[in-house]
Amino acid sequence: MVEAIPKGRGLSSRNQVSLQPNSRTALPTFAATAAVVAILYFARDVFLPLAIAVLLTFALAPIVAWLRRIGVPRLVSVIACVLAAFGLVAVFSFVVVSQVGEVARNVPTYQANILEKVRSLKESGSGGGIIDRLSGVIERVGQELDKPESVTVPAAQPSRPDPLLVEIFTPQRPIETLKNLIGPLIGPLATAGLVIVVVIFMLLEREDLRDRFIRLVGYGDLHRTTEALQDAGRRVGQYLLMQLVVNVAYGVPIGMGLWLLGIPNAILWGLLAIVLRFVPYIGPAIAMILPLFLALAVAPGWSLVLWAAALFIAMELVINNVIEPWLYGSRTGLSPLAIIVAAIFWTWLWGPVGLVLSTPLTVCLVVLGKHVPQFEFLEVLFGNEPVLDPKERLYQRLLAGDPDEATDHAEEMLESEYLVDFYGKVAIPALLLGELDRARGALTDEQRTRVAASAVTLVANLNEIADEEADEEDDATEDAAQDDDAQEEELPDGAGKTVLCIGGRGDLDNAAAAMLAQVLTVQGATASTASHADVEPSSIRSLPLEGVQTAVVGFLNADSLNHGRFLVRRLKRARPSLRVGVVLWTDTAAGDAGKLAGDLNADFAAFSMTGAAIGALTDAPAVPLKAAKRKVRRPSQAGRKSKAA
């Protein structure tokens, strides 16, 4: 982690960016994954009630803990919470079933309105309309299917009378009738009873189960395992409770609005909206279909359908843009694609119940991957956190030759960072990754040129932000001049100073020099750039050094410092009054800048963007060039003999 830079002119104490590389993520074998999925599928009758019980335990645990804090005994608080929760579920189910029965009884009464709307649509499309064409196609296909096949008819035989159908009716006994009525309900009731018992025991033995889990999987790392359990309980419990609050805030206005519009069974549609909104993305759409169809059936016109659709759309906008961000922000820690994929997977695995449970179950998997190294791939696959460090993301975009997307990432970071921070903590480390690949032979010349060109384009794309920061710095200077108590450390003011930024040894060094020049421009200096080819011995005399007060030479590779010593001498010989600084770009804590400057005969040395800017804008006289040590030529053997003679 790079240390925070003090806030000032171009310095920011805003959000820091972690530069720690991620550890390698090991993916599970196909056999292990297939075995786990097979177990979950074939043993779903066992795992499904347990999954429901675990999620309900997470949801009810905060309420039980609150009752315990106010003095309610554990057993009473657990039983009260469980009975209240399942009582609400029972009342909810009873209301839904009764409303569904009423809708089924009233469907025939809506037939006339539906036929009238179909007839009006057909009349509006008369004269070769699309409805007539579709009807004609369907009729022709039906006639073709009904056409009898041409077969050879055998000789006529005496016809026999058709057999008489006889239906044997055996009246059922009352016990059999009761058995047929209760039989289909035994399975759901047994599952519900099992879930209730498991939830009660999990809440009663929550601490003991936690200790056993820690002993089983994480006894060697109590801190990590405890943090994982707390994170899972907090995230899943908060998600379930807040989602319930949001769904109620969505379903109740929907039910009331449909009742005011005159749509029958408005209570049913409001309750279904509460339940179906647990299903991500597609749940609200499913909840809207049946009320719209009923609005189409109960009224002869189209206004009721439009009003009902407007009600659903308005509630979705309010919930998505106001209620959800206010209550729990990003909620789950899952990426949008992961939510959809999880919904498909759990629906295939466990049916409709799996669809409702898909998001909280996937949240548990992501928490597991976050805290257990063996399952880190789960967080990578399903989490919404970036899987690459900012410097790695930027380097990947530069390597792909995509400066536009790199600019998008940079602008996103620059909403909370200054340019000097972004370049120092992200862009320069990205170039260091490129230099490391070049040094070990993994980066071809074409790729190196592409990375450097993309980096220069990125700098050009950020010119507008640089201008905005320059205006902001001017305002900050005026405020600081009026406030004598301002104690914040600032970069020096660059007004009236002229600086030349030079790439030391290659194309990547040139890109780093362009970044430094932009930072100096923000500080008010007149900054220009020169490439490494411009300071070759054959070209350095043509370098425009008139009026330049300071030249800064930057290197990404520490092995190039010997070359830097010669560059310093060449620049000082070309213009003795020129201040020359050397920057060895690093993304970690560096060594002694004063010693490095002395070894290179430079006026200053730096290891970071901040240090380079401070050295370039500091008012100090140029260090005179030291006299070079020349070797004394030894006389040859013949010369020594002749001199002795």
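This is a predicted model: local features need pLDDT of at least 70, side-chain atom pairs count only at pLDDT 80 or more; totals for chains, interfaces and linings use all residues.
**Ground rules.** I took local features only at pLDDT of at least 70 and side-chain atom pairs only at pLDDT 80 or more, while totals for chains, interfaces and linings use all residues. Residues are numbered from 1 along each chain as its sequence is written, and side-chain values use heavy atoms, without hydrogens and water.

**Whole chain.** I looked up the secondary structure and found 23 helices and 5 strands (DSSP runs, H or I of at least four residues for helices, E of at least two for strands, numbered from the N terminus). Of the 645 residues, 38% are buried (under 20% relative accessible area; exposed is over 50%, partly exposed in between; 1.4 Å probe, protein chains only). I noted that 75% of contacts between residues at least 6 apart in sequence join residues at least 24 apart (contact means heavy atoms within 4.5 Å). The chain exposes about 37,900 Å², and carbon and sulfur atoms supply 62% of that (Shrake-Rupley method, 1.4 Å probe).

**Nonpolar patch.** I found Ile39, Val46, Phe47 and Leu50 making a nonpolar surface patch of about 330 Å² (residues with over 30% relative accessible area and no salt bridge; nonpolar side chains are joined within 5 Å, like charges within 9 Å; a salt bridge is a Lys or Arg side-chain nitrogen within 4 Å of an Asp or Glu carboxyl oxygen). Helix α2, residues 44–69, gives the most, with 3 residues. Leu50 lies in α2 and counts as partly exposed because its relative accessible area is 36%.

**Negative patch.** I found a negative patch whose members include Asp404, Asp408, Glu464 and Asp471 (Asp and Glu count as negative; the charge is placed at CG of Asp or CD of Glu). Helices α15 (403–413) and α18 (463–482) each supply at least two of its residues. Asp408 sits in α15 and is partly exposed because its relative accessibility is 47%.
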